[in-house]
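Below are some notes for a colleague who is opening this entry for the first time. Please read them with the sequence and the model side by side.

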Amino acid sequence: MKVAVTGAAGFLGLNLLTALLADGHDVLALDTARPPMPAGQHGAGTLRWGAVDILDETAVTRALADIEVVHHLVAVISLRQEDPVAEKVNVHGVGAVARASLAAGVRRMVNCGSLASFDYEKGATVDEGSARSTDPALPVYHRSKYGGEVELLKVIDAGLDAVICNPTGIYGPLDHPDRLSRMNQSLLEAALGKLAASVSGEFDMVDARDVAAGFVLAAEKGRTGHNYLIGGHRHDLFDAQVRAAELAGRRGPRIRIPMRVLEAVAPLVDPVARRFGSDSFAPAALENISMSPVVDRTKAGAELGYQPRATEETLRDLVAFFAASGLLGQAAVS
C-alpha cells in the first residue's frame, strides 16, 4: 500500500516510518527537515522523501496523487499563551492537508491530535467524550490542536474519510540523539546522574512505538470522524527518572520538589529562563505536570485492538537506546 507521512522526520514520524516499512508499505515521507533515514529499500518496504510546505494545498495535492493513506503528524508544540506560528500550522495546516487529501482521492487520513485538545480538571478522567479545549484562557497549543480537529471535521463533512488519534505523553527509543523529545531528555539527564532533584507528578506515558502502532490500527479499523485516545500507563515522572538512572547504573534524583513550590517561584523565574531559551517554567509547562488527567483508553482497545507495552519495557529499551547512541558515556547499563 502507498502511504504518506507528513512530519516524517520528527520523533513520532521516525517511529511510524519504521512500523510502516516493517509492514512492507511504499512510504512517501514528507518533511522539510533533514531525513533521519535514507531513501530506498527497508526490508519489505520502500521509502522516498519529499519536501512540501503543508500550507501549500496545491503542492500537497500533487504529492498525494497516488497515495492511499495519509498520516498527518506536523504540529508546532508551543508552551506560550499565544503563538501565531502554532496557530497557523496546528489549525490551518490540518485543514490544508485534509483538503489536499480529498482532492487527491486519498482513501483515508489519520490526523495526529493530542490529549491537550481535551479540557480537563486536575485529577479528572478523560475519554473521547470529554469537554474540548475551547476556553480562550487555555494555552495556544491546547486550543490550536482542537482547532485543527474542527478544520478536519469540515472536510470530513465534504467527503473525506478521516480519523483522529490523540496520543498522551510520548517517550521511548527511536528518537533523534541530537534533539531528544522533552520527556526523553529529562530521562537522559536522570540516567546521566545529573538530576539531584526533580518535580513529582503523574503522567500518562506512552511508548512512541505503541503510538505508531495505534495510528496503523486507526487507519485500518477506526470509524470515520471519531477520536481515539492513544495512551500508555500513568506513571510518576520522578519514579521514572529514578528507574532510568538505576538502569544506567547511576543514582537518580533524590529530592522531590512539591508542585506548589514551583508554582510559587515560576512567575519570577520564567522571564529569566526565557532569556536563556528555556520554557520549563512557563504556565503551560507547569500545567502539564500539575493537571495531568487519568486517561481512559478503553475505546482504542475495544475498537482498534490497541494495547500499550509495560512502562518497564519502554524504560529498559530507552536506556539501551541512550547507550547505543553514545549518550551515556561509561555507564553500566543493566
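**Notes on Leu21 and the cores**

1. Leu21 lies in helix H1, which covers residues 11-22; helices (H or I, at least four residues) and strands (E, at least two) are DSSP runs, numbered from the N terminus. This is a predicted model, in which local features need pLDDT of at least 70 and side-chain atom pairs count only at pLDDT 80 or more, while totals for chains, interfaces and linings use all residues. Residues are numbered from 1 along each chain as its sequence is written, and side-chain values use heavy atoms, with hydrogens and water left out.

2. Leu21 is buried, with a relative accessible area of 4%, where buried means under 20% relative accessible area, exposed over 50% and partly exposed in between (1.4 Å probe, protein chains only). Not counting residues up to four places away in sequence, Leu21 touches Val27, Met37, His42, Ala44, Gly45, Thr46 and Leu47, a contact being heavy atoms within 4.5 Å.

3. The largest nonpolar core has 32 residues, of which Val5, Leu16, Leu17, Phe215, Ile230 and Leu304 touch the most other members; such a core is a set of buried Ala, Val, Leu, Ile, Met, Phe, Trp, Tyr and Cys residues joined through side-chain atoms within 4.5 Å. Elements that each supply at least two residues of this core include H1, strand S1 (2-6) and helix H10 (298-304), and H6 gives the most, with seven residues. A second, separate core of 25 residues includes Val60, Ala63, Val97 and Met109.

4. For the whole protein chain, there are 11 helices and 15 strands, and buried residues make up 53% of the 334 residues.
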